[in-house]
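Visitor: I am new to this structure and would like a short tour. Could we start with the overall picture and then turn to the details?

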Amino acid sequence: MHERFRYKNKKEIIEKAHLLGFELPFTDNISPLLLPVATAEFSVPNRLVVQPMEGYDSEADGSPSELTKRRYLRYAAGGSGMIWYEAVSISPDGRSNPNQLWINKKNVASYSALNNEVRREAEKAGINPLLVIQLTHSGRYSKPSGIPQPLTAVSNITLDKGSPYILSDDDLNRIQDQYVASAKLAAQSGFDAIDIKACHGYLVIELLAARARQNSIYGGEEPSDRFRFMLRTIDRIKSEVPGILITTRLNISDRYQGGFGVDSDSNPDFTEPLLLVKELKERGISLINLSMGSPYFNPYVTRPFDTPLPGQKLPEEHPLLGVIKMINGTALFQKSFPDLFFVGSAYSYLRQYAPNVGAAVINNGDVSFIGLGRSSFAYPSLPLDLMINGQADPSKVCITCSGCTRLIRNLRPGGCVIRDREIYGNELKKLIADGK
Ligand SMILES: Cc1cc2nc3c(=O)[nH]c(=O)nc-3n(C[C@H](O)[C@H](O)[C@H](O)COP(=O)(O)O)c2cc1C
Ligand code: SF4
């Protein structure tokens with residue numbers, strides 16, 4: 001049963017996990033979070049990652065706005081070792097909203113300028129972060145003009161509203177060209193790594209699960225057919241954009257019917273995601289950011305919360321259990337591929353205890369990096385506080401109120417309505433005044 005976060009101390013949250021039948025990893029020593037990683041492919045100064053968080057605040061041409069810049073400069077000043085830029089569209093029709101970032105030939109200089117400023121700002125904090133761009137096509141959730149214009153790989157009765165346009169193989173080949181072109185621009189604008197986004201119900205994860213797609217080289221029963229789009233895209237980027245690090249944000253279980261990494265009851269079945277990671281590893285991919293669920297269908301899986309969006313029911317699943325399922329699912333992958341580096345997700349629900357739990361999970365060898373999403377909106381300077389004070393300040397943490405999601409669902413710029421009140425609290429007030 002869902003419950004709000006009311007733990008007054010570490011003993012209470014650890015006991016709650018026990019009552020739910022699980023052990024919550026926990027340590028008072030957060031030093032594992034501050035250890036660098038250096039491999040032949042990449043270097044990261046600490047284990048804290050700003051997760052990709054769409055801000056719905058680009059200019060109309062897809063370039064970063066002043067608000068976008070503000071968000072990234074706050075991350076840069078905060079000391080995270082890796083800044084994983086939000087979903088950036090590879091095409092105008094694949095945008096999730098009219099203000100989704102979209103990298104293209106005409107605006108590539110604005111991305112170079114942003115990256116330069118981010119690097120300068122991080123340097124002031126003594127950090128040289130790895131900059132990752134998340135390239136995406138929103139597929140079923142495309143809304144380029146603010147109204148849904150779904151472009152899907154396959155129909156899905158659980159998710160479809162109306163009859164979406166089903167992309168042909170020719171369409172997909174064109175989209176693949178757009179991924180490669182965007183990857184070239186991303187490299188040109190100074191990103192260290194390119195994420196081929198494969199999570200949260202968007203186009204690439206949909207293709208990975210497209211069993212019902214007929215007469216197509218990109219779907220069907222065989223995993224190798226369903227993996228083809230993603231793997232070909234990666235192979236092309238490897239050969240056409242040499243030197244750039246390639247990664248992916250991958251859902252290891254969609255936890256809905258017809259999704260990726262699920263059994264016939266929509267429970268996690270990691271067989272195919274493990275097979276895909278093996279293929280990725282064979283292609284030299286060494287960094288993978290893991291997630292689960294869909295923000296549209298089962299948001300409590302992707303981002304366990306205290307408060308749902310207005311009008312949404314409270315989930316049956318206890319949010320702490322959601323956090324533990326993400327930790328345990330990720331651990332299975334990290335243990336299966338100990339030489340790869342996995343980023344773990346969904347830690348923000350843990351508030352001031354996120355660093356303690358994250359450090360313990362790293363200590364156990366169950367993950368390599370700790371990703372922070374909503375926490376980075378609310379408390380971008382958490383890494384610096386950990387370096388200086390060894391602990392998080394409870395008065396700055398995200399309280400998982402869903403306010404930022406409420407803003408973006410209403411096509412307003414996204415940020416923390418609680419801890420960054422002057423801008424985003426006011427945005428929420430305007431929304432409420434508009435009756436939304
Ligand atoms: C407002 C908002 C925007 C998000 N945008 C993205 C995105 O662009 N790409 C992505 O992979 N995940 C996105 N996510 C999911 C987060 O990256 C993260 O996985 C999720 O919030 C759970 O982590 P947390 O508990 O640290 O917040 C978004 C989540 C929120 C709340
Ligand atoms: S609005 Fe702020 S406190 Fe609420 S969920 Fe988003 S980041 Fe967390």
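Visitor: What does the C-alpha trace span along its principal axes?
Guide: The span is about 55 × 55 × 50 Å.

Visitor: How many helices and strands are there?
Guide: The chain has 14 helices and twelve strands. These are DSSP runs numbered from the N terminus, with helices being H or I of at least four residues and strands E of at least two.

Visitor: How are residues and chains labelled, and what limits apply?
Guide: Residues are numbered from 1 along each chain as its sequence is written, while chains are lettered from A and ligands numbered from 1 in the order in which they are written. As the model is predicted, local features need pLDDT of at least 70 and side-chain atom pairs count only at pLDDT 80 or more, whereas totals for chains, interfaces and linings use all residues.

Visitor: Which residues are closest to ligand 1?
Guide: The closest are Pro52, Ala87, Ser348, Gly373 and Arg374, in a shell of 27 residues. A residue counts as near if its C-beta atom, placed from the backbone, lies within 6 Å of the molecule.

Visitor: Which element gives the most to that shell?
Guide: H13 does, with three residues. Strand E4 (82–89), helix H11 (374–378) and helix H13 (403–409) each supply at least two.

Visitor: What is the make-up of the shell around ligand 1?
Guide: It divides into ten nonpolar, eleven polar and six charged residues. Ala, Val, Leu, Ile, Met, Phe, Trp, Tyr, Cys and Pro count as nonpolar, Asp, Glu, Lys and Arg as charged, and the others, Gly among them, as polar.

Visitor: And which residues are closest to ligand 2?
Guide: Of the 14 residues that surround ligand 2, the closest are Cys398, Cys401, Gly403, Cys404 and Cys416. H11 and H13 give two or more residues to this shell, and H11 gives the most, with three.

Visitor: How does the shell around ligand 2 divide?
Guide: There are nine nonpolar, three polar and two charged residues in the shell around ligand 2.
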